[in-house]
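Here's a quick briefing to read with the structure open. Have a look at the fold first, then work through the points below.

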Amino acid sequence: MNENFHIRKVAVLGAGVMGAQIAAHLVNANVPTILFDLPAREGDPNGIVNKALDGLKKLEPSPLASPAKLNFIAAANYGQHLEQLRDCDLVIEAIAERMDWKSELYHKVAPYLGERTIFASNTSGLSINKLAEAFPENLRHRFCGIHFFNPPRYMHLVELIACEKTDALLLDQLETFLVSGLGKGVVRAKDTPNFIANRIGVFSLLATLHHAERLGLGFDTVDALTGSYLGRPKSATFRTLDVVGLDTFAHVVNTMRDNLHDDPWHSYFAVPDWLNGLIEQGALGQKSRRGVYQKVGKDIHVLVVHTKKYRLSAGKVDDTVKELLRQRDWAAKLEGLRNSAHPQAQFVWRVFRDVFHYCGVHLPRIADNARDLDFAVRWGFGWGSGPFEIWQAVGWQKVLGWINEERAAGKTMSDVELPHWAQDPARTGVHSAQGSYSPALGIDQPRSVLPVYRRQEFPERLLGEEAHYGETIFENESVRMWHGSEKLMDGHPNDDIAILSFKSKMHIIGDEVLDGILRAVDEAEANWRGLIIWQTEPPFSAGANLLQLMQGVQPASEDAGMFDKLKQAANRVKYTVAGGGGLSQVLNAATGNVPQVEAVVAKFQQVTQRIKYAQVPVVSAVDGLALGGGCEIIMHSARVVATLESYIGLVEVGVGILPAGGGSKEAALRAAQEAKGGDLFPFLKRYFQNIAMGEVAKSAELAREMGYLRAGDRIVMNHFELLHVAKNELRALTATDYRPPLPPTQIPVAGRTGTATLQAAMINMLEGGFISAHDYKVGCAVADTLCGGDVEAGSLVDEQWLLDLERKHFMELLATDKTQERIEYMLKNGKPLRN
Ligand code: NAD
């Protein structure tokens, strides 16, 4: 059936933690949303919702891609506005986790649902089939579970849960909307308590609590062991609990206790007394400023269970255990930990063992296949690899033998046997080239064939799965130019678009990258429809490495000796940088001389101009950071396609310089274009502020508001679709006979009066102590460049004039001690110095 499916408007019922943030993410995706809650007892009947909307503005990191999005969430209440539900294609219920309350609400809203409305509950643990009973029979096929994770903007996972009656086509349509429209990773879960991710993730937490207690490890030690060493978020176990909320965790555990009586691990589904104690005291974690951890002045303190008091958090991992944890290979890591007698090593092994055991036993009940379980845990809990992936990487039979041996010895948390499929002596794993093992089907089940996934040329990979990035056109140390390899039926290449991917660390732009871009543009003009700059992994680029450019390769070093040499050489050495504030990798230093540095800057300018005026379109496909030189590249592209989670900015001032790869020029030009012959200053001021403050946009939406993305640039919700959309944009550009822009020769500039006005504002800040003398100096250089130098207001200049100006100021700033100190500080500390 080819019926078009559109979600034109959504209603979210419940303006609590989840409902309000889900609404925010819907408007991030340009879906108009009505947010409902109970009518307030006093004052404005929309009071509860209005308060929640206000709360959205204060949350960090922001659930809103831009504050302006808030206007697209309409406040409503069940007392006055139920009629509005009729216009909604999707209703998401996110009220408090009570079956009786939810049922009551379903009865109330059912008569108001439109004829084709999908109704989905965000419950984390209640039975979808039981909830469905609250609807009349004829509505149940439009009901399902839609389980978002907190925070919904940032957590990739959404679990979709059908009830017995749910219409299969409708679920496919909803999945399509969630994946492409909202950018989510969808996993189909069965209707079992807590579904997949929380079932496994919470079991892992309970196993962690259990073994930590038995081995006498402090919470800070557990966190030191269970974070980045295991490819998981730095907040590891207990800091994550504090963020999630101890009450929320307790709630999920209690759901397991109350609903999973036949689970062989049921006796462990209990909230420990100390945790209940904290909850009773109102110490719920981050939201109440105290939980497992507590901030005391500048220090972090951690709870000690037996004294019930807090002490300074230390969390030291023993050196021998560190060695084992640092092994990159999972087999070596887990075998080493298992063989070690150290309690810290034993702890990590035992938690893994029991989690493997739990997943092996429960897979058939909770998920369709092993891939869904692994992706659910990865996307819902931020693990780098899922449990089955790790089990398989260590060796299926080896781990199986260990589990069975320790089960027989009474060491495992439960003595239940692993099912037959897991014990099959021929089994080497659960993930293969054919798919991932499905106990119900008895085969390796391929990935979903839903058409939406055709938009993902390179979807999320499982551990050990290789991606084949097409055929190489050319490659050097720092870049690879390539094209897709599929052929059409008639043997013609389907892929006539070339892609350039950087290979440098953080995709920093060094000399070889610049050469690579120049060569790629030549190649693209000669043989390809166009060029896309796309990285196989984010970031797009942390900035330019001008130093490497002038000196040849001299990799960034953490070696303290190098900094001493740098200091000694301070007077004769020229440092230069890339733009990435906060990223030590983007900086490098070496001896050099002025003409050489200037040549490098000029080359950067040549590259961005080449991108802009290429005869075929150059499209930048951006995900993650695009700072400094990275931002300058995208500003010169024919089109930018950016994921919502793109963080774009000209951050050069952080190291005492200004954008000189065409970024300042482009800002002056855009301001002039936006002013359309009217007053230039307000437009200029915006660019000036962003550059002079080194602002980074916290979303692609904000990058557009800051002027780094233009109206025609595209924002993509799902980063796996980025390349697909970029290709389509490029095709669209060439289908309409692409021509590069004409080089503007008459750019009006604000001139010396503009500079003076910007300076006056800065003098106030300088005198108020808000900025330093060097900030002022750098700011003046930015102002002078953006205003076109020492000319009359309204003078007309060309691009080269502005490029020469930005290069001149760059060189002058670079020669100052304070700029050199900033660069050196950034090198040493990875963060900007405000001197
Ligand atoms: P919350 O307590 O923050 O908000 C609940 C909302 O429900 C409140 O706005 C309240 O006014 C409203 N409400 C309370 N009683 C009601 C009633 N009888 N009728 C109508 N509305 C009522 O809760 P939350 O954390 O946002 O959770 C909402 C749902 O999302 C729950 O089902 C929860 O299990 C699920 N969930 C929560 C999280 C999480 O991390 N908090 C994550 C995923 C799913």
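This is a predicted model: local features need pLDDT of at least 70, side-chain atom pairs count only at pLDDT 80 or more; totals for chains, interfaces and linings use all residues.

Residues are numbered from 1 along each chain as its sequence is written, and side-chain values use heavy atoms, with hydrogens and water left out. Helices (H or I, at least four residues) and strands (E, at least two) are DSSP runs, numbered from the N terminus.

**Helix α24**
- Helix α24 takes in residues 681-692, twelve residues in all, and spans 15 Å from first to last C-alpha, close to the expected 16 Å (1.5 Å times one less than the number of residues).
- Its buried residues (under 20% relative accessible area, with over 50% exposed and partly exposed in between, 1.4 Å probe, protein chains only) are Leu684, Tyr687, Phe688, Asn690 and Ile691.
- The cover over those residues includes α23 (663-675), α27 (751-767) and α28 (773-786).
- Just past α24 sits Gly694, with a positive phi of about 60°.

**Helix α28**
- α28 has 14 residues and reaches 20 Å from its first C-alpha to its last, close to the 20 Å expected.
- Twelve of the 14 residues in α28 are buried, so this helix is mostly covered.
- Among the buried ones are His774, Asp775, Tyr776 and Asp784.
- Covering them are elements including α23, α24, α27, α29 (799-814) and α30 (817-829).
- Gly788 follows α28 and has a positive phi near 85°.

**α15 against α16**
- The axes of α15 (387-394) and α16 (396-408) come within 5 Å and cross at roughly 100° (axes are lines fitted to C-alpha atoms, for helices over the stretch in contact, with angles from 0 to 180 degrees between N-to-C directions).
- On the α15 side, the contact (heavy atoms within 4.5 Å) is made by Phe388, Trp391, Gln392 and Val394.
- The α16 side brings residues including Trp396, Lys398 and Trp402.

**The sheet**
- Seven strands form an open sheet in the order β14-β15-β16-β17-β20-β21-β22, with mixed pairing (two strands pair if DSSP finds at least two bridges between them).
- β14 (471-475) and β22 (714-716) stand at the edges with a single partner strand each, so one side of each has no neighbour in the sheet.
- The twist averages 25° from one strand to the next.
- β15 (479-483) and β16 (498-502) pair in the antiparallel sense over five bridges, and Val479 stands opposite Phe502 in β16.
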